[in-house]
Amino acid sequence: MTSRIPFVGGNWKMNLMRREVGELVRGVSSAVADSRVECAVYPSFVYLPDAIAAASAGLSVGGQDCSDELRGAFTGQVSAGMLKDIGCSSVLIGHSERRHGLGESDALISRKLGRALDAAVMPVLCVGETLAHRESGVAHAIIESQLRASLAGHSEAALARLVIAYEPVWAIGTGRTASADDASEAHDTIRRTLAVLYTARFSEAIRVIYGGSVTAKNAADLFSREAIDGGLIGGASLVAADFAQIIAAASARVRR
Ligand code: PGA
């Protein structure tokens, strides 16, 4: 097995009120304590300080998005520097609910990635094809083109802490998980693309995680694959017991 440390993220999207955020952060903190994974949760912006205050040292907290701008007259936006300032260590960039729901382009995502890197906030870059792409046989070409466009202009040295989340759009929140074979193949495409854009060493070092209807039941199968370094979890990360099982499944990747 690989020496890459597994990464598990809980994307809480626009769910949970303040009290629930505190409770869940405490539950996840204890699950992470006996694990060998890096784990981060992504609450709504307004609850980030509450989550940071409640998190144990082993659990990090990140933003669900950041602005492509540094500062200024951008109503409603949150900068990567602000995330860093309050103690966030990572940020989701290019989640499909922003790419497809809000029309974010690869060019915008690439600029956001640059802001995260400049602010020293670890980017979790999301890529993934739609059902139409997969059914027409272009899934891998789409993943490659999203990667090429999002990473354009960013150097290997700057991207040293990058995490890539492969999240097929048709699997997000649908209960329809990619098979471990399909996810593995997509991860191989991502690694091949990174090796072409940068170096083989970089492509081997970067963590590529899977997201899309990961559950306490299917996590162990997905994470048993060499290519799958963990997961980005939506629905199942809202239930402490389920998320704890997913963290344990990722932790099992690490040799004792
Ligand atoms: P899901 O969401 O686990 O609910 O499918 C994953 C994600 O959006 O990151």
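User: What makes Gly211 count as touching other residues, and which ones does Gly211 touch?

Analyst: Contact requires heavy atoms within 4.5 Å. Setting aside residues up to four places away in sequence, Gly211 touches Tyr166, Glu167, Pro168 and Leu232. The model is predicted, so local features need pLDDT of at least 70 and side-chain atom pairs count only at pLDDT 80 or more, while totals for chains, interfaces and linings use all residues. Residues are numbered from 1 along each chain as its sequence is written, and side-chain values use heavy atoms, with hydrogens and water left out.

User: Why is Gly211 called buried?

Analyst: Buried means under 20% relative accessible area, exposed means over 50%, and partly exposed lies in between (1.4 Å probe, protein chains only). The relative accessibility of Gly211 is 0%, and Gly211 therefore counts as buried. Gly211 belongs to strand β7; strands (E, at least two residues) and helices (H or I, at least four) are DSSP runs, numbered from the N terminus. The C-alpha atom of Gly211 is separated by 10 Å from that of His95, although the two residues are 116 residues apart along the chain.

User: What makes the pair of Tyr166 and Tyr210 tilted?

Analyst: Rings of Phe, Tyr and Trp (its six-membered ring) pair if their centres lie within 6.5 Å; planes under 30 degrees apart are stacked, over 60 edge-to-face, and the rest tilted. A search of the whole structure finds two aromatic pairs. In the pair of Tyr166 and Tyr210, the ring centres are 6.1 Å apart and the planes stand at 50 degrees, so the pair is tilted. Tyr166 lies in strand β6 (residues 163-166) and Tyr210 in strand β7 (residues 207-211), so the pair ties together parts that are 44 residues apart in sequence. Both Tyr166 and Tyr210 are buried.

User: How do you know whether Arg134 is buried, partly exposed or exposed?

Analyst: The relative accessibility of Arg134 is 24%, and Arg134 therefore counts as partly exposed. Arg134 is in helix α6 (residues 131-135). Beyond its neighbours within four places in sequence, Arg134 is in contact with Glu129, Ala139, His140, Tyr166, Trp170 and Asp182. Of these, Trp170 is 36 residues away in sequence and 9.1 Å away in space, C-alpha to C-alpha.

User: Why is Ser79 called buried?

Analyst: Ser79 has a relative accessible area of 10%, so it counts as buried. Ser79 sits in the loop between β3 (59-63) and α3 (80-86). Not counting residues up to four places away in sequence, Ser79 touches Cys66, Ser67, Glu69 and Leu70.

User: What makes α5 oblique to α7?

Analyst: Axes are lines fitted to C-alpha atoms, for helices over the stretch in contact, and angles run from 0 to 180 degrees between N-to-C directions. Angles under 35 degrees count as roughly parallel, over 145 as roughly antiparallel, 65 to 115 as roughly perpendicular and the rest as oblique. The axes of helix α5 (residues 106-118) and helix α7 (residues 139-151) come within 7 Å and cross at roughly 50 degrees. That makes α5 oblique to α7. In this contact, Asp106, Ile109, Ser110 and Leu113 of α5 meet Ser145, Gln146, Ala149, Ser150 and Leu151 of α7.

User: Why are α7 and α8 called oblique to each other?

Analyst: The axes of α7 and helix α8 (residues 180-197) come within 10 Å and cross at roughly 40 degrees. α7 and α8 are therefore oblique to each other. Among the residues that meet here are His140 and Leu151 in α7 and Glu185 and Leu197 in α8.

User: How do you know whether α1 and α11 are roughly parallel or oblique to each other?

Analyst: α1 and helix α11 (residues 240-251) pack at an angle of about 25 degrees, with their axes 9 Å apart. α1 and α11 are therefore roughly parallel to each other. Leu24, Val28, Ala31 and Val32 in α1 meet Ala240, Phe243, Ala244 and Ile247 in α11. The residues of this contact divide into eight nonpolar, no polar and no charged, where Ala, Val, Leu, Ile, Met, Phe, Trp, Tyr, Cys and Pro count as nonpolar, Asp, Glu, Lys and Arg as charged, and the others, Gly among them, as polar.

User: What phi does Lys13 have, and where is the place of Lys13?

Analyst: Most residues other than glycine have a negative phi. Lys13 has a positive phi of about 50 degrees although it is not a glycine. Lys13 lies in the loop between β1 (7-11) and α1 (18-33). Leu16, also not a glycine, has a positive phi of about 75 degrees, and Leu16 is in the loop between β1 and α1.
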